[in-house]
Amino acid sequence: MDNQEVIDPLEQRWVVLDRLLQELGKKYDIPPEVTKNLQYARSLTHYYNQDPTEPDRAKELPRIDSYLHDSELKLMGMAGMEGEEFVSEWEQRLLDASQGKEVFKQAKIQSKFIPGMPANFDFVRFNFKKPIHEERFMEICEYENVIIEFDENDSSVFVFGEKDHIQEALKEMAPFFSEQMS
């Protein structure tokens with residue numbers, strides 16, 4: 001690879017599979033286990049990449065590969081319904097990703113740790129395509145007794161609190177989700 005930075009193959013493979021899932025999800029129902037496996041793979045990859053030299057983290061590599069492999073098999077099976085050319089295109093992308101080539105740019109989302117957050121609090125995180133109006137979100141969260149944190153770009157939002165309070169806050173926030181879908 002000429003002057004290209006080598007990209008983490010695990011991360012890039014995940015990105016390719018995530019894009020394939022999005023593409024196929026426009027026409028087909030994706031089995032829930034595929035989405036779950038990709039979520040687990042993502043979490044474990046992040047855990048592993050924090051310190052790849054630590055033996056306990058290195059033990060996660062087979063699990064990560066298993067989750068990615070299972071998702072790949074199911075998604076590529078579904079891709080077959082789109083034709084040979086579609087399958088070949090995605091096989092090449094997966095091959096490039098496994099060789100550490102950047103197939104798709106990946107937006108870096110930093111996970112947030114809130115010091116002092118009670119252990120019994122739940123949280124949700126969601127990303128918007130475009131920045132949202134923080135003021136209305138803050139009002140809803142204050143009313144519903146939850147804590148909200150915004151990422152620097154105002155497109156990633158974290159809501160912390162007791163589960164039932166989070167659920168009520170999300171119901172109130174529904175119009176924001178609708179705006180993002182249009």
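The model is predicted, so local features need pLDDT of at least 70 and side-chain atom pairs pLDDT 80 or more, while totals for chains, interfaces and linings use all residues. Residues are numbered from 1 along each chain as its sequence is written, and side-chain values use heavy atoms, with hydrogens and water left out.

Colleague: In what order do the elements of the chain run from the N terminus on?

Modeller: Helices (H or I, at least four residues) and strands (E, at least two) are DSSP runs numbered from the N terminus. The chain has 7 helices and 3 strands. Their order is α-α-α-α-α-β-α-β-β-α.

Colleague: Are α1 and α4 roughly parallel or roughly antiparallel?

Modeller: Axes are lines fitted to C-alpha atoms, for helices over the stretch in contact, and angles run from 0 to 180 degrees between N-to-C directions. Helix α1 (residues 9-25) and helix α4 (residues 61-79) pack with axes 10 Å apart, at an angle of about 30°. Angles under 35 degrees count as roughly parallel, over 145 as roughly antiparallel, 65 to 115 as roughly perpendicular and the rest as oblique. The two helices, α1 and α4, are therefore roughly parallel.

Colleague: How many residues of each class has the contact of α1 with α4?

Modeller: Contact means heavy atoms within 4.5 Å. On the α1 side the residues include Leu10, Arg13 and Trp14, and those they meet in α4 include Asp65, His69 and Glu72. Ala, Val, Leu, Ile, Met, Phe, Trp, Tyr, Cys and Pro count as nonpolar, Asp, Glu, Lys and Arg as charged, and the others, Gly among them, as polar. By class, the contact has 13 nonpolar, 2 polar and 3 charged residues.

Colleague: Which helices do the buried residues of α5 pack against?

Modeller: Buried means under 20% relative accessible area, exposed over 50% and partly exposed in between (1.4 Å probe, protein chains only). In α5 (residues 84-98), the buried residues are Phe86, Val87, Trp90, Leu94, Asp96 and Ala97. They pack against α1 and α4.

Colleague: Is Gln12 buried or exposed?

Modeller: Gln12 lies in helix α1. Leaving aside residues up to four places away in sequence, Gln12 touches Ile7, Ala97, Lys101, Glu102, Val103 and Phe104. Its relative accessibility is 2%, so Gln12 counts as buried.

Colleague: What percentage of the residues of the chain count as buried?

Modeller: The chain has 182 residues. The share of these that count as buried is 33%.

Definitions and conventions
Expected span 1.5 Å × (residues − 1).
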